[in-house]
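Me: I have a model open and want to go through a few spots in it. Can you take my questions as they come?

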Amino acid sequence: MSSFEFLPFEICCMIFDYLSVSDLKNASLTCRRWCHIIFSDYYIRRFMLRINLHRSDQSRMVKAMGSPLLSERSRVSVPSSFPCSLYQRCRAGKGKSKCELRHMSMVLRRSCRHYNNITFVCDNRSEFTDNVFNVILNLLRPSGVERVEILKIILSSNLNVLVTILNSAIRNMTRLRSFHLIYDPQRRLQCGDQVRPCVVIESQTITHIELKSVIPEQMRLPKLNSLDVSLQPGIAGIIESVARNLTTLQLQLDCTSANCGEEEIYALSLDQLKTLKLSRGIMNEFSFPIPVSSNRPGLKLRFFRHLDKLEKLILEEKYTAENIFLAICETSRNLVELKIDHLKVVNCTVLDKLSLLQNLKILSLPNIYSSHEISFHYVYLPKLESLHLEVFKDSSYSFSKFVNLKRLTVGSYSSQAPEVIDIISMHIQRLQELRLYFLDYAGVPSRTFRKVTYLGQLRKLELIKGHLRRDVFGRCPPGLSALETIVFNFCQLDTEHFDGMREKFPKLKDVRFVDCLVRGQLPYSEVRLSYR
C-alpha cells in the first residue's frame with residue numbers, strides 16, 4: 001500500500017483500467033487518494049464511449065484513449081476493462097473507410113463492458129452514411145440499451161433518419177436520465193440553417209434534456225425537470241409544454257436572428273423554477289448584430305418578479321440593469337447562489353438590497369460598473385461562504401467584513417496587491433481558497449504574500465494574469481502556512497521554481513501551471529509539479 005501511494009496519477013489510472021465497474025466502486029472506498037483518482041474529471045471520462053464519424057477529420061487511426069493504438073489487423077481479444085472512449089476517424093478512400101467501420105464494429109462486439117454514457121459525432125457528407133446505422137444498432141444491442149443513462153448526439157447536418165432511429169431506441173432505454181441533441185454551432189452560423197427533425201422525443205425516465213439549435217416536433221417526457229436549450233424561434237413553445245414540472249432551465253441567448261423569440265421567453269410563467277441560467281454566446285463574423293435591449297424591459301422585469309422559488313440564478317448576459325437586480329433581491333429571497341457577470345449600478349447603495357438574501361452562500365459579481373464607489377458595509381449575509389469580485393470600485397475593501405468566507409476571488413492591480421492581501425489576512429482568517437486576479441501584467445511586488453501565513457486554514461492559492469518574479473514568495477515566514485496547492489493561471493513567470501517555496505510552504509503538494517508564459521515560451525496547456 002505504501003509503494004502504491006508514490007505511483008504517478010497517470011500510472012494509477014492505467015492500473016484501474018483493468019478493474020470492472022463494480023471493482024472500481026469498491027476501490028474508491030479504499031482510501032482518499034484512490035477515491036480522488038477514480039472520480040476525477042480526467043479518469044471519469046473513460047466511462048464515456050465516443051464515436052466520431054465526422055468526415056472533416058482525416059486522421060488515420062482508430063484510437064482508444066488510455067490504451068495503445070489498435071491496428072486494423074489486430075486479432076487480440078479485448079478485455080472487459082477496455083477503455084471507454086473510442087475515436088473513429090475517416091480515411092480518404094471509400095473501401096478503407098468501410099474496412100475501418102467493420103473493425104470498429106468488431107472492437108465493440110468483443111468488448112464486454114456496457115457503456116452507460118454514449119456520444120455520437122456524425123454527419124451525412126461521407127460514405128459512412130450508408131453504414132452508420134449498422135454500427136449504431138450493433139452498439140445499442142438489447143443487452144446494452146437498458147444500461148444507457150446518458151446519450152449525446154452531435155450533428156453537423158440534418159440527419160432526420162439517424163435521429164429517428166435513435167429516438168426509437170430511446171423508448172427502450174429504461175435507465176436513460178439525460179439526453180443531449182446538439183447541432184454543430186459553427187455550421188449553423190456559416191450556413192444559417194436550422195435543424196427541425198421530424199421526431200417526437202418520448203421517454204418515461206428522462207429527467208434532463210439538452211437541445212442546441214434543434215427543435216423537435218413534440219416532447220413527451222413526464223419526468224422532465226431540467227432543460228438546456230439555445231434561443232431560437234419556436235423554442236418558447238417547447239419550454240411552455242414542459243413548464244409544469246420544470247425546475248431547472250438553462251437558456252443560451254446566442255440566436256443569430258433579429259426575431260429570435262426572446263420576448264416570448266420572458267412572457268412565459270415559470271413559477272416552479274429553482275435554477276435559472278441565462279448566457280449569451282460569443283458573436284463572430286457569421287453572426288448578425290443583436291440589440292442588447294431586443295426585448296421590452298417591462299416583460300423582463302415582470303418575468304423576474306414571479307421567480308419567488310429560485311435557489312440558483314446565473315446571468316451571463318452582456319449587462320444586467322439595476323432594476324433587474326432589485327427585482328431579484330426583493331423576489332427571490334430563497335437564493336443560495338447568485339452570479340451576475342456584468343452588473344450596471346447607478347445608485348451606489350443598491351448593493352444593500354443583498355441583505356434580503358439571508359440564505360445566500362455563493363455570490364459572484366465579477367464586473368460591477370459604477371461611476372461611484374460601491375460598498376458592502378451595510379450588507380449582512382450570515383451564510384455567505386464564497387465571494388467573487390474582479391472589476392469594482394471599493395477603495396475601503398469593504399468585502400473584508402465577510403469574515404466567515406471560505407472561498408474568495410478578488411481582482412487587484414499589481415501595485416495594490418500587497419495591501420489587498422494584508423487586509424484579507426487580517427480579517428478573513430477562515431479562508432480556505434484564495435484566487436487573486438491581477439488586472440495588469442506589471443511585476444507583482446515581493447512583499448505581496450508576506451502575511452499570507454496568517455491564513456491558517458488556507459489550502460489553495462490561485463494567481464491569475466500576473467507577472468511573477470523568482471522571489472515573489474521571498475518575504476513569507478517559513479514553515480507556518482498550511483498551503484497545499486498553488487495554481488498559476490495565464491501568468492508570466494520567470495521560472496517554474498520559486499526561491500524558498502519548499503521551506504515557506506512545507507505542506508505543499510501540487511503546483512500547477514495553466515497557459516502560462518515561462519521565460520517567454522508557452523508551455524503545455526497544463527503542467528503539474530508534485531512536491532510530495
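Me: Where is the place of Arg475?
Reply: This is a predicted model. In it, Arg475 sits in the loop between β21 and β22.

Me: What does Arg475 touch, leaving out residues up to four places away in sequence?
Reply: Ser446, Arg447 and Arg450.

Me: How many residues apart in sequence are Arg475 and Ser446, and what is the C-alpha to C-alpha figure?
Reply: Arg475 and Ser446 are separated by 29 residues in sequence, and their C-alpha atoms are 6.6 Å apart.

Me: Switching to the strands. In what order do the three strands of the open sheet come?
Reply: The order is β21-β23-β25, and the pairing is parallel.

Me: Which ones stand at the edges?
Reply: β21 (467-468) and β25 do. Each has a single partner strand, so one side of each has no neighbour in the sheet.

Me: Over how many bridges do β23 and β25 pair?
Reply: Two, in the parallel sense. Leu493 is opposite Val518 of β25.

Me: Next, Asn489. Which strand is that in?
Reply: Asn489 belongs to β22.

Me: Is Asn489 buried or exposed?
Reply: Buried: its relative accessibility is 14%, and the cut-off for that class is under 20%.

Me: What joins the side chains of Asn489 and Glu462?
Reply: A polar contact of 3.2 Å. Glu462 is also among the residues that Asn489 touches, along with Leu463, Ile464, Lys465, Val514 and Cys516; residues up to four places away in sequence are not counted there.

Me: Now the loops. Where does Phe490 lie?
Reply: Phe490 is in the loop that runs between β22 (485-489) and β23 (492-493).

Me: And what is the phi of Phe490?
Reply: Near 55°, which is positive, in a residue other than glycine. Most residues other than glycine have a negative phi.

Me: What relative accessible area does Phe490 have, and why does Asp515 count as partly exposed?
Reply: Phe490 has 39% and is partly exposed. Asp515 is put in the partly exposed class because its relative accessibility is 31%, and that class runs between the 20% and 50% cut-offs.

Note on methods: Residues are numbered from 1 along each chain as its sequence is written. This is a predicted model: local features need pLDDT of at least 70, side-chain atom pairs count only at pLDDT 80 or more; totals for chains, interfaces and linings use all residues. Side-chain values use heavy atoms; hydrogens and water are left out. Helices (H or I, at least four residues) and strands (E, at least two) are DSSP runs, numbered from the N terminus. Buried means under 20% relative accessible area, exposed over 50%, partly exposed in between (1.4 Å probe, protein chains only). Two strands pair if DSSP finds at least two bridges between them. Contact means heavy atoms within 4.5 Å. A polar contact is a pair of N or O atoms within 3.5 Å; within protein, one must be able to donate a hydrogen and the other to accept it, and residues adjacent in sequence count only if both atoms are side-chain atoms.
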